Amino acid sequence: MVDKKLDNNRATEVFLSLLMANQTRIRAYIAALVPNSNDADDIMQETITVMWSKFADYEVGSNFSAWGTKIAYYNILTYRRKKSKTGLHFSEDLFERFMEAADRKYSTSDERLQALRNCVKKLVPADRKLLKLRYDLNSTVKHVAGCTGEPVKRIYRALARTHHKLYRCVRRTLVEKGVI
Amino acid sequence: MSDSKKYIRLSELMLSFCDGDLTPVEMAELEALIGDDDEAIEYCVDLLMDNSFFCQTGQVSVPNKSGGDSSVVSSKIVELLSGADEILEDSSFDLEVWKMLADAERAAEGLPRQKCSSQEQELIRKVERQKGNYTIKRSSLLTFAASIAAILMVVIFIKFAPPKTGVEVATLVDSLNAKWADATIPVGHGMRLRTSHTPMFLREGMVEVLFDNNAQVVIEGPAEFCVMGDDRVQLSYGMLYAEVPNEAIGFTVNTPTVKVIDLGTEFGVKAGFNGDVELHVVKGKTTMISGHGGQKASQDVIANEAKLYSAQGQTTSDIQCAKQQFARDIDSTHQFYWRGQEVISLADMVGGGNGFGIGMLNAGVSYEGQIGILDAYSSDTGPTEFVPVQGSAFVDGVFIPNGPTQINTAGVFYDGFEQTNNKYWLGVLNGAWHQIDLTVKVTRHQLRLNGFEYGTEDRPAIYMASNQGVTFDLQAIRQHTGMRIREFTSLCGLSETYGDHWDSMKKYSHFMELPKATFQVLVDGESRFIKKDMTYKDPVGTISVELTPTDRYLTLVTTQGSDKSNNGDWTLFAEPVLQIEQK
């Protein structure tokens, strides 16, 4: 348990420190189960709020991201229940299969991220520019399509091909490093 | 389908899902593509995680321990695209990106679509994003900031490097609904701009930049630009209008494929993301240099000319000069921008607009002083007082002319009106339709002058069946637009359609075969135009009233003629506009 004698400031420091170190893994886990980016952001924020409120229950030294993803999982179930009548979402069967894969993969998110960073550098400039347009400038695909006059589908297709190149590169890297 | 093609299609669908763009049919296709393939699941999860790394901003909100507002801790967890800035500066990559897209599309084989079963189709739900409402509880972070600063410094990554130190050469003097790609960088009025190679990304809206040499540019987003020098702007894409005084001749706009050098002029440049560039010269003369290396071509482009440079074909062609395509002037105080329009439509103002086309057709002013849709066509006895209009800064008010009558909110009376029956039809309308559904039946139709139907977007009109008057506040219009008002022009007449319907009306004694009505225009209570006893068979009247900067109120009036009746007075002002020019 978190030492109840810790004053609030110290607890905050510890929490933030753990959060910064594990945020990527928790976020990756949520993203794998909630594809809609905006919804994933909301769930991430809600998860952090719950984690903070229950931080007194957290066992210092135990797996922070495992604890966080467990809280995230329940938030995701609540989200799916709320969205069941109004949103596009995976079937129960598919969701369970995604969940199993996310459980296995989120813990290697940091290694994956590092590999991704190196693989991005290996992309041809045109691919990097496309990614920069989409992600670095916070432009939606529709916005990019509007700027370029290209159909939305073509932008998605181009992004998909770029992501596929990254996937192969990252996979190769992780295999070579023995991560997977 | 090969694995590669399947995974690319999966990527495409998943990315669309992430952005909320996936359709129900595509969702069914996605599920069908995954099927029983566990490797496809692995692939999708990896893709979603990668996408989250790119999207992640690292902003988290940690509750305030004292129960107050939460603190937002901002850190860029990852910079995956560092080093891409230099790519954006290299203009040749613009073409490569789109060639890549085009070539990839041409070379790629079609990705077969999975057919969805009807059962799968039934599982589809419509996407609707619901925002959660998260209340932040708990205690404060009042004193933690200093202690965690060291931790945060490790992970803070600044997405946009601070602009390279350069020379201050311009000022951002105004902006209208401007949204920047990086909302964390403060960009405000009065901000001095330095020469820099770091681009500024304007996602939407407009900004006005005044260079120290008095050259003025208005940039309209989406746009990417940077100030390269005291007389140079780099426009990677977007729209830019430049007004260059004599002392700033030589002012240059660079795009990735074209350079425009001003020779004392006003011009607009539209740079497409694919490298295509349009140059429209409104005044004066420019030199346009296109192409690269040994393939450069130079030509002069003068007022009222426009050129299109096609990056793909590396050719330049003539196009129509679109003088009103570019925002030339903005005024955030009045939420107004000017694209070079030369007229202000009073009909648009009667419909609740600002004179530039945002008013409602078939809306108008009632004698409750409100602007709204008018559709209750009937004869009413009007008020005896002047009725100020609510909700419009430009329409001062309406009244029923009947002997001496107050005609504006300044309390000015005009005593030149004949005595009338104090009755009116419908109200003062932005439009021109007529209908009677009483004992007399006249089907609804558009009114007509000189063979043309009016009361449309192309042919606006103010329909004010006598006896009615409407006053406009010219001072308010000047303040809003910053323009000088030269003149009021309009056509006037009784609708020819009266003759079309005469057969159904002639059996009613209160309708005359040739109803008469009078048109009048007043400026500050002084009559500047009058045409008495017009009939629908008379030629259309042409109104031209010069206006000076001190003229305050413009009043348009229709009154019954010497027949002492307003029945059948289907009187309209057609294309009533104020001719304007820059001060």
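A charge sits over a ring if NZ of Lys or CZ of Arg is within 6 Å of the ring centre and within 35 degrees of the ring normal. The legends below describe close-up views of a predicted model.

**View 1. Charged side chains over aromatic rings in chains A and B.** In chain B, the charged end of B:Arg328 lies over the ring of B:Trp338, at 5.2 Å from the ring centre. In chain A, A:Arg80 places its charged end over the ring of A:Phe95, and here the distance to the ring centre is 4.1 Å. A:Phe95 is one of the buried residues of helix α4 of chain A.

**View 2. Aromatic ring pairs.** Over all chains, 27 aromatic pairs are counted. In the pair formed by A:Phe90 and A:Phe98, the ring centres are 4.5 Å apart and the planes meet at 20 degrees, so this pair is stacked. Planes under 30 degrees apart count as stacked. A:Phe90 and A:Phe98 are both buried. Elsewhere, A:Phe15, A:Trp52, A:Phe55, A:Tyr58, A:Phe64 and A:Trp67 are linked into a cluster by ring pairs.

**View 3. Helix α4 of chain A, residues 92-105.** This helix has 14 residues, which should span 20 Å at 1.5 Å a residue; the C-alpha atoms at its ends are 20 Å apart, in agreement with that expectation. Its buried residues include A:Leu94, A:Arg97, A:Phe98 and A:Met99. A:Ala101, A:Ala102 and A:Lys105 are also among them.

**View 4. The disulfide between A:Cys119 and A:Cys169.** One disulfide is found over all chains. The sulfur atoms of A:Cys119 and A:Cys169 lie 2.0 Å apart. The torsion about their S-S bond is about -85 degrees, and the disulfide is therefore left-handed. The link connects distant parts of the chain, as A:Cys119 belongs to helix α5 (residues 109-122) of chain A and A:Cys169 to helix α8 (residues 152-176) of chain A, 50 residues apart. Both cysteines, A:Cys119 and A:Cys169, are buried.

**View 5. Buried residues of chain B, among them B:Ser366.** B:Ser366 occupies the loop between β19 (363-365) and β20 (371-373) of chain B. Its relative accessibility is 12%, so B:Ser366 counts as buried. Apart from neighbours within four places in sequence, B:Ser366 is in contact with B:Leu374 and B:Val398. B:Cys226 is likewise counted as buried, at 6% relative accessibility. For B:Cys321, the relative accessible area is 16%, and this residue is buried as well.

**View 6. The hairpin of strands β28 and β29 of chain B.** Strand β28 (residues 433-437) and strand β29 (residues 441-446) of chain B run antiparallel and are joined by four bridges.

**View 7. An open sheet of six strands in chain B.** The strand order is β22-β23-β33-β38-β35-β36 (chain B), and the pairing is antiparallel. Strands β22 (387-388) and β36 (526-534) of chain B form the edges; each has a single partner strand, so one side of each is left without a neighbour in the sheet. Inside the sheet, seven bridges connect strand β35 (residues 517-523) to strand β38 (residues 553-560) of chain B, and the two run antiparallel. B:Phe519 has B:Thr558 in β38(B) as its bridge partner. Strands of a sheet pair through backbone hydrogen bonds, either parallel or antiparallel.

Note on methods. Residues are numbered from 1 along each chain as its sequence is written. Chains are lettered from A and ligands numbered from 1 in the order in which they are written. This is a predicted model: local features need pLDDT of at least 70, side-chain atom pairs count only at pLDDT 80 or more; totals for chains, interfaces and linings use all residues. Side-chain values use heavy atoms; hydrogens and water are left out. Rings of Phe, Tyr and Trp (its six-membered ring) pair if their centres lie within 6.5 Å; planes under 30 degrees apart count as stacked, over 60 as edge-to-face and the rest as tilted. Buried means under 20% relative accessible area, exposed over 50%, partly exposed in between (1.4 Å probe, protein chains only). The expected span of a helix is 1.5 Å times one less than its number of residues. A disulfide is a pair of cysteine sulfur atoms within 2.5 Å. Contact means heavy atoms within 4.5 Å. Two strands pair if DSSP finds at least two bridges between them.
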